[in-house]
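Q: Could you take me through this structure feature by feature, giving the general idea before each case?

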Amino acid sequence: MTSSVRDRLGRPLGSLRVSVTDRCNMRCSYCMPEAEYEWLPRAQILTFEEITRLVGVFAGLGVAKVRLTGGEPLLRHDLDQLVRMIHANRRVTDQALTTNGVLLAQHAARLKAAGLGRVTVSLDTLRPDRMERFARTARHADVLAGIGAAQGAGFDRLKINTVVVRGFNDDELGDLIEFARARDAEVRFIEYMDVGGATRWSLDRVVSQREVLDRLGHRYGSITAITGDDPHAPAERFALPDGTTFGIIASTTAPFCRACDRSRITADGQWLLCLYAESGVDLREPLRSGASDDALAAVITAGWEGRTDRGAEARLAVPEREPLYRVSGLRADPHREMHTRGG
Ligand code: SF4
């Protein structure tokens, strides 16, 4: 069922991304390049019961797709309990998780048993030394083990997300496709975005969708665009001549804001209507001061009905584009960080 709640551009209230923690056990340079971060106060982090209640209110307004994110969501203890609590809501028909995979091997089977439907694992490089330099972690083998465990647990349509950064991993596109193909997974190449947290971003390090297609076409031959997918999905999908599929999320050079039905809740209950939104709607305060479900639904409906956000399109129109925020701007409000708003 598509939600009947529409924003000012006619976009339905659709998928919800729920960040369960702002902490992460990696330091990818497109997201967390600094040495120090401000963390959300623990007392403000939503409990599983609070998250489940909010998800229930969103589901009552027509949201059927929920994705758990972070930070790194598997740093939140007993995440399978939250998955089970959300799974009990029959209106949520698609519950997914985005993880960096470091801890996935030890949790995959329990998450599947709890009702998690799909998993996306971030993997930017097949080379451990590159990951060590780029993401400041030596746990490449654990990520690969996590991908293997997800495959073994039997999740639907395992996806691998790769942020492509010129000079770092742009020579691995074909290798990542081969890696995913061998695991019955689908890789999605993501353009490097100038969002909060990406303080080292520059346009010359972005590898565009056009360039990815050209490079893969050179290696594999003619590439076909796949049509008929969910019009709200962020990735455009393509097929190689042998039928192997992959996706590209071209948020930087070809944004898809006009079809965007996504919103996100931070771990402390700020509801953000766009990845680029300057600020959000505080849902924690009414939640903790006794608001009824109907009152919460009214706040959410009013917020969505006033939405005009087209953040990535607005960025595309900026001449001489630079990072969205400098470090001082991020320190002023940690909610601007991508690891806080769930990527
Ligand atoms: S920039 Fe904002 S409106 Fe555009 S696709 Fe991303 S979240 Fe949606």
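A: Let us begin with pairing: two strands pair if DSSP finds at least two bridges between them, and strands (E, at least two residues), like helices (H or I, at least four), are DSSP runs numbered from the N terminus. This is a predicted model, in which local features need pLDDT of at least 70, side-chain atom pairs count only at pLDDT 80 or more, and totals for chains, interfaces and linings use all residues. Residues are numbered from 1 along each chain as its sequence is written, and side-chain values use heavy atoms, with hydrogens and water left out.

Q: In what order do the strands of the open sheet lie?

A: Strands of a sheet pair through backbone hydrogen bonds, either parallel or antiparallel. Here the twelve strands of an open sheet follow the order β7-β8-β9-β6-β5-β4-β3-β2-β1-β10-β11-β12, with mixed pairing. Its edge strands, each pairing on one side only, are β7 (224-225) and β12 (281-282).

Q: In which sense do β4 and β5 pair?

A: Strand β4 (residues 118-122) runs parallel to strand β5 (residues 156-164), and four bridges join the two; Arg 118 stands opposite Asp 156 in β5.

Q: How much of the protein is buried?

A: Buried means under 20% relative accessible area, with a 1.4 Å probe and protein chains only; in this protein 57% of the 343 residues are buried.

Methods: Buried < 20%, exposed > 50% of the residue type's maximum accessible area, 1.4 Å probe, protein only.
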